[in-house]
Amino acid sequence: MAGESDLTTLLTSMHPALRDGDYVYALWPHGKPLEGHVEAAVREAEGLTVVLHRDEAERLGVSYDFVAAWITLQIHSALDAVGLTAAVSSALTAAGISCNVLAGFHHDHLLVPAAQSGHAMDILELLAQGVVLRTEKPSDREHILALTASAFSVSPVTGLPVEGTPEEVTLLRELFDSDEYLPEFSIVAEIGGDIVGHVISTRGWIGELGLLGLGPISVQPHLQRRGIGSALLRESARRADRAGEPGIALLGSTAYYPRFGYVPAGTLGIEAPDPAWGDHFQLLPLKAWPDGVKGTFRYASPFHAG
């Protein structure tokens with residue numbers, strides 16, 4: 001049976017599957033007869049590289065490097081198919097995940113850092129929908145502002161059409177130019193090269209403690225409820241945790257954001273800038289959240305303009 005070669009079909013049908021356990025790369029000892037259960041091998045002038053389960057490497061007493069998770073793309077891809085490896089590696093690279101690719105006769109296999117296996121699976125599942133997440137570039141700005149205008153053309157508060165330019169567009173433009181702008185926390189979602197989603201988190205404070213204030217977040221109206229907003233929220237949290245940020249604050253629905261770990265800020269002793277916000281002002285404490293923090297959250301300066 002011939003393998004699939006159409007890139008769109010490959011991406012939408014790849015069905016990534018995560019194997020159990022950890023896998024490692026090892027340089028097989030020179031002169032030692034090959035034994036055990038080797039999953040893959042590559043012979044080079046410098047020696048024989050093998051990939052095997054970590055438990056097997058330890059049983060054999062073989063030293064190893066790069067502890068990885070093994071993900072199989074369960075689509076029978078043709079060996080001469082063009083674009084699948086590039087699309088997968090680009091999406092993972094944009095998410096900060098290294099990837100080693102092994103091509104089999106029937107499937108492509110990815111070895112990613114074991115600690116990032118869940119993140120990698122999320123990225124691949126998004127890619128199967130045609131969605132790629134990446135950091136915003138200055139050249140994206142006008143596209144992002146147009147997206148935000150479209151997303152907020154109907155007020156989330158009143159449910160009525162907004163006359164003129166939504167205030168979120170003005171806020172976002174000012175956030176891009178503010179001292180509190182943090183480039184790595186301005187994230188876009190693309191489909192086919194078009195920006196269809198965006199989220200920004202900027203510097204905020206509780207007293208002297210710096211943390212993040214999230215918003216606005218926008219998704220093209222016709223693509224809402226497809227998981228793009230959820231993916232942007234999860235990516236924001238991952239990046240914040242990786243950067244050592246203590247937490248993320250936002251103002252939003254108490255029916256939606258708690259599923260991502262947000263809790264009413266008041267339960268952590270943190271007060272909203274406006275007491276009328278009540279439980280709608282929420283906070284996601286991350287690994288670096290310190291004990292005993294109390295005070296009122298302060299957003300980036302553009303939130304206070306006007």
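## Backbone features

Phe-66 lies in strand E5, which spans residues 65-73. Although Phe-66 is not a glycine, its phi is positive, at about 55°. Helices (H or I, at least four residues) and strands (E, at least two) are DSSP runs numbered from the N terminus. The model is predicted, so to speak of local features requires pLDDT of at least 70 and side-chain atom pairs count only at pLDDT 80 or more, while totals for chains, interfaces and linings use all residues. Residues are numbered from 1 along each chain as its sequence is written, and side-chain values use heavy atoms, leaving out hydrogens and water.

His-15 also has a positive phi, about 45°, without being a glycine. His-15 sits in the loop between helix H1 (7-12) and strand E1 (16-18). The peptide bond joining Gly-215 to Pro-216 is cis, with omega near 0°, and Pro-216 belongs to strand E11.

## Packing of H3 and H4

Helix H3 (residues 84-94) packs against helix H4 (residues 117-128) at an angle of about 130°, and their axes are 10 Å apart. H3 is therefore oblique to H4. Axes are lines fitted to C-alpha atoms, for helices over the stretch in contact, with angles from 0 to 180 degrees between N-to-C directions; under 35 degrees is roughly parallel, over 145 roughly antiparallel, 65 to 115 roughly perpendicular and the rest oblique.

H3 crosses H4 in a right-handed manner (the near helix is turned clockwise from the far one by less than a right angle; anticlockwise is left-handed). H3 contributes Ala-87, Val-88, Ala-91 and Leu-92 to the contact, and H4 contributes Ala-120, Ile-123, Leu-124 and Leu-127 (contact means heavy atoms within 4.5 Å). By class, the residues of this contact comprise 8 nonpolar, no polar and no charged (Ala, Val, Leu, Ile, Met, Phe, Trp, Tyr, Cys and Pro are nonpolar, Asp, Glu, Lys and Arg charged, and the others, Gly among them, polar).

## Packing of H5 and H6

The axes of helix H5 (residues 141-151) and H6 cross at roughly 155° and come within 9 Å. The two helices are therefore roughly antiparallel to each other, and the crossing of H5 and H6 is right-handed.

From H5, Arg-141, Glu-142, Ile-144, Leu-145, Thr-148 and Ala-149 meet Glu-168, Val-169, Leu-172, Arg-173 and Phe-176 of H6. This contact has 6 nonpolar, 1 polar and 4 charged residues.

## The largest pocket

The largest pocket has a volume of about 1700 Å³. Among the 40 residues that line the largest pocket, Phe-152, Pro-156, Glu-168, Leu-251 and Tyr-257 are the closest to its centre. On a 1 Å grid over the protein atoms alone, a pocket is an open set of points with protein on both sides within 12 Å along at least five of seven lines, a cavity is a set where a 1.4 Å probe fits but cannot get out, and lining residues have an atom within 4 Å of a point. Points are joined across faces, edges and corners, and a volume is the space filled by probe spheres set on them.

At least two lining residues come from each of helix H6 (167-176), strand E11 (209-219), helix H7 (228-242) and strand E12 (247-251). E11 supplies the largest share, 6 residues. The lining of the largest pocket has 23 nonpolar, 11 polar and 6 charged residues.

## The cavity

The structure holds 1 cavity of 30 Å³ or more.

The lining of the largest cavity divides into 4 nonpolar, no polar and 4 charged residues.
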